Amino acid sequence: MSVNTATARYEGLGKDGKGHVATKSGALDAPYGFQTRFEDAPGTNPEEQIAAAHASCFTMATSFALAGEGYTDGSLETTCEVTLEKDGDGFKVSKSALSLSAKVPGLDKAKFEEIAAGAKANCPISKLLTCEITLETTFAS
């Protein structure tokens, strides 16, 4: 079992408030708030953090699945776009769109897509999310 920690702090309220989020490891230590979420101000936002978590988790899951099938060489790059949309009086994350580009010598496209689909379904962050999750793949052997 692994337990990880992040801390978020918000000074002030609503649009005028200023937040700061940090992870125990120190990998993330950034400002966030209304301006970083909706106005492209410098800093981060929760959806960007979810996109990073989903992209990295899925890519690692795909890597381990490929290794489990006996492949020893290759490269994987995933972009994840998380969509935040209006939901009544609030908002919801409605979609996490994964786009995987891969090069794995000796692997055919059908097997690659099967392995990637399994990784999408089984990575811990995919299991956490309740929104629509899509996967687009680009593959070269």
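Which residues form one aromatic cluster? In this predicted model, they are Phe-34, Phe-38 and Phe-91.

Start with two of these rings. Phe-34 and Phe-38 form a tilted aromatic pair, 5.1 Å centre to centre, with 45 degrees between the planes. Both belong to helix H1, residues 34-38. They are 4 residues apart there, so about one helical turn separates them. Phe-38 is partly exposed, with a relative accessible area of 38%. Now turn to Phe-91. Lys-86 lies over the face of this ring, at 5.0 Å from the ring centre.

The structure holds 4 aromatic pairs. One of them joins Tyr-10 and Tyr-32. Their ring centres are 5.7 Å apart and their planes meet at 55 degrees, so this pair is tilted. The pair links distant parts of the chain. Tyr-10 is partly exposed, at 36% relative accessible area.

Next comes helix H3, residues 109-122. At 1.5 Å a residue, its 14 residues should span 20 Å. The end C-alpha atoms are 20 Å apart, which agrees. At the start of H3, a side-chain oxygen of Asp-108 reaches to within 3.1 Å of the backbone nitrogen of Ala-110.

H3 has two sides to look at. Phe-112, Ile-115, Ala-116 and Ala-119 are buried. They cover an arc of only 100 degrees around the axis, which puts them on the same side of H3. Their cover includes helix H2 (46-68), strand S5 (90-103) and strand S6 (132-140). On the other side, Ala-110 and Glu-114 are exposed.

Key: Residues numbered from 1 in each chain as written. Predicted model: local features only at pLDDT ≥ 70, side-chain atom pairs only at ≥ 80, totals over all residues. Heavy atoms only, no water. Expected span 1.5 Å × (residues − 1). Buried < 20%, exposed > 50% of the residue type's maximum accessible area, 1.4 Å probe, protein only. Arc of directions from axis to C-beta. Contact = heavy atoms within 4.5 Å. Polar contact = N/O pair within 3.5 Å; in protein donor to acceptor, adjacent residues only side chain to side chain. Phe/Tyr/Trp six-rings, centres within 6.5 Å; stacked < 30°, edge-to-face > 60°. Lys NZ or Arg CZ within 6 Å of the ring centre and 35° of its normal.
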